[in-house]
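I opened my notebook next to the model and wrote down what I looked up, entry by entry.

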Amino acid sequence: MIREELEKVHPDYSFFHSEWLFYIRSYFGGKFYRDGNYLLRHPFESAENYKRRKELAYFYNYCGPIVDILSGHLFKKPPERNYGDLSSEVVPPRVPKTLFDSFWNNCDFEGSTFDQFIRDAQRFASVYGRVSVMVDSPSAEALTEGEALEKDIRPYLSLITPENLVDWAFVRGENGRPEISMIKILEVNDGSVKRYRLWTREAWELWEIKKKEKEGKLLSQGEHNLGEIPIVNFYNKRSGIKMIGLSDIKDIADINKNIYHLCSDAKEIIENTAFPMLAMPYEKGGQSETQPVGPR
């Protein structure tokens, strides 16, 4: 696959990408926010002074607490679930008796319980407006259920944020319902290598393309008999545009950025009015020097 086709993104992705990055940086704050270059440079400001002002800027993070407080209230009372034959216990034991027990206690292979994973999905959906959850399974196979339980071979979940799901397509199903027919996920982007995973309703492919190369390399591929792409979209609020949701901080993030600018301007004004000192030129030993005038 040529580079142009592999790096093609959805038009809505191009339109909303900078907005998604702004929301997540506003949520995390700190260096992540400062590196986003949201501090505007004044028309006649030198590059050196702008760099210094960016280093001294501080961000009052109001976006993070808003999302966390809302998420805390939603999950204050644990959800009531019934797993049927998958597990007889509401909270499956840490020492798994079934594959579902193993899945529930580590559903993403990163140590997150199912409840923790869903809470994170809701939190990031609140920030971005929409996140996606992919259900996948390892390439390893087990001959028996006991072997699968021993080697922990089972499906797992992956949380995909909007800036990593770069392209998608929908078709109308036989019942008229829109169904996802293709997605492209950017899994790796380290500056020198990009790795994309493409899913259709029948198969998947993993492609890699290196910097300055014109064509990508197919690393692996496979077929599945699901008849659909194993992905679920978590919308915070629907916008009326497919794959685009409304963030809970879409307004407060702009207010927070304005406070960021005002704090930087106020600090600059204070420094410029507090430290300038009048100097008077005078002659000393045939050389021109300056003598500070004012309190010492």
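**Entry: a loop aspartate.** I began with Asp152, which sits in the loop between α8 (145-151) and β2 (156-160). For element names I use DSSP runs, numbered from the N terminus: helices are H or I runs of at least four residues, and strands are E runs of at least two. Asp152 has a positive phi of about 55°, although it is not a glycine. I noted that most residues other than glycine have a negative phi. Asp152 counts as partly exposed because its relative accessible area is 25%. My cut-offs are under 20% for buried, over 50% for exposed and partly exposed in between, with a 1.4 Å probe and protein chains only.

**Entry: ground rules.** This is a predicted model, and residues are numbered from 1 along each chain as its sequence is written. Local features need pLDDT of at least 70, side-chain atom pairs count only at pLDDT 80 or more, totals for chains, interfaces and linings use all residues, and side-chain values use heavy atoms, with hydrogens and water left out.

**Entry: other positive phi values.** I found Asn37 in the loop between α3 (30-34) and α4. Its phi is near 60°, a positive value in a residue other than glycine. Asn37 is partly exposed, at 46% relative accessibility. Met243 also takes a positive phi, near 75°, in the hairpin of β9 and β10, which has two residues between the strands. Strand β9 (residues 238-241) and strand β10 (residues 244-245) pair in the antiparallel sense over two bridges; pairing requires that DSSP finds at least two bridges between the strands. Across that pair, Ile241 stands opposite Ile244 in β10.

**Entry: cysteines.** How many disulfides does a search of the whole structure find? It finds zero. I counted a disulfide as a pair of cysteine sulfur atoms within 2.5 Å. Cys63 is buried, with a relative accessible area of 0%. Cys263 also counts as buried, at 14% relative accessibility.

Entry: I moved to helix α9 (residues 252-274), where Asn256 lies. Is Asn256 buried or exposed? With a relative accessible area of 1%, Asn256 is buried. Leaving aside neighbours within four places in sequence, I listed its contacts (heavy atoms within 4.5 Å) as Phe59, Tyr60, Asn61, Tyr62 and Cys63.

**Entry: a nonpolar patch.** Tyr60 and Tyr62 came up again, this time with Tyr58 and Ile66, in a nonpolar surface patch of about 390 Å². Patches are made of residues with over 30% relative accessible area and no salt bridge; like charges are joined within 9 Å, and nonpolar side chains (Val, Leu, Ile, Met, Phe, Trp, Tyr) within 5 Å. The areas come from the Shrake-Rupley method with a 1.4 Å probe, and for residues only the protein chains shown count as cover. Tyr58 is in the loop between α4 (47-56) and α5 (63-74), and is partly exposed at 35% relative accessibility.

**Entry: salt bridges.** I found 18 salt bridges in the structure, each a side-chain nitrogen of Lys or Arg within 4 Å of a carboxyl oxygen of Asp or Glu. One of them joins Asp167 to Lys8, with the closest N and O atoms 3.3 Å apart. This pair links distant parts of the chain: Asp167 is in strand β3 (residues 165-172) and Lys8 in the loop between α1 and α2 (11-28), 159 residues apart. Asp167 is buried at 4% relative accessible area, whereas Lys8 is partly exposed at 46%.

Arg81 and Asp115 form another, with closest N and O atoms 2.1 Å apart. Here Arg81 lies in the loop between α5 and α6 (99-105), and Asp115 in helix α7 (residues 114-128).

Glu147 and Lys151 meet in a salt bridge of 3.1 Å, N to O. Both lie in helix α8, four residues apart, about one turn of the helix. Lys151 counts as exposed at 51% relative accessibility. I also noted a salt-bridge network linking Arg3, Glu7 and Lys194.
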